[in-house]
Amino acid sequence: TAKALMRHARERAQRRDLPELAIVEAEILLAEGKSRRAIVAYLDVGRKFANDANAESALFAAAQVALDHPEAGYEGIKLLQQYLARYPRGRFRDDAQRLMQVFSK
């Protein structure tokens, strides 16, 4: 199963690979229809690996999932605002601003 493969990968991973593995775990949760748990997993990447480049991707992904799945209990607009505050020149800045415009209407 995907969980067994991830556990196996985590056991053999080097520290530098852990943020990317955490994102893959979040994507697995999302694919399984567990949007709330996926958002939590994405946000954990930012908390646990704040200085890693994957933290930026994870926060933006969490915002996108929250926008697509409001039933998950997270406010996508607030997550986009957090993203823009934390990464004002981030690689997803234009997309985040565009999404804010669309979903704020």
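A crossing of two helices is left-handed if the near helix is turned anticlockwise from the far one by less than a right angle, and right-handed if clockwise. The model shown is predicted, so that local features need pLDDT of at least 70 and side-chain atom pairs count only at pLDDT 80 or more, whereas totals for chains, interfaces and linings use all residues. Residues are numbered from 1 along each chain as its sequence is written, and side-chain values use heavy atoms, with hydrogens and water left out.

**View A. Helix 5 against helix 6.** The axes of helix 5 and helix 6 come within 10 Å and cross at roughly 150° (axes are lines fitted to C-alpha atoms, for helices over the stretch in contact, and angles run from 0 to 180 degrees between N-to-C directions). Helix 5 and helix 6 are therefore roughly antiparallel to each other, a term for angles over 145 degrees, while angles under 35 count as roughly parallel, 65 to 115 as roughly perpendicular and the rest as oblique. Ile77, Leu80, Gln81, Tyr83 and Leu84 of helix 5 make the contact with Arg93, Ala96, Gln97, Leu99, Met100 and Phe103 of helix 6, where contact means heavy atoms within 4.5 Å. The crossing of helix 5 and helix 6 is left-handed. Helices (H or I, at least four residues) are DSSP runs, as are strands (E, at least two), numbered from the N terminus.

**View B. Helix 4 against helix 6.** Helix 4 and helix 6 (residues 93–103) have axes that come within 12 Å and cross at roughly 20°, and the two helices are therefore roughly parallel to each other. Their crossing is left-handed, with Phe60, Gln64 and Leu67 of helix 4 meeting Asp95, Ala96, Leu99 and Phe103 of helix 6.

**View C. Helix 3 and Ser35.** The buried residues of helix 3 pack against helix 2 (18–31), helix 4 (53–68) and helix 5 (76–86); among them is Ser35, which counts as buried because its relative accessibility is 8% (buried means under 20% relative accessible area, exposed over 50%, partly exposed in between, with a 1.4 Å probe and protein chains only). Not counting residues up to four places away in sequence, Ser35 touches Leu30, Val65, His69, Glu71 and Ala72.

**View D. Ser57 in helix 4.** Ser57 lies in helix 4 and is buried, with a relative accessible area of 18%. The side chain of Ser57 makes a polar contact with the side chain of Arg91 (2.5 Å), a polar contact being a pair of N or O atoms within 3.5 Å, of which, within protein, one must be able to donate a hydrogen and the other to accept it, and residues adjacent in sequence count only if both atoms are side-chain atoms.
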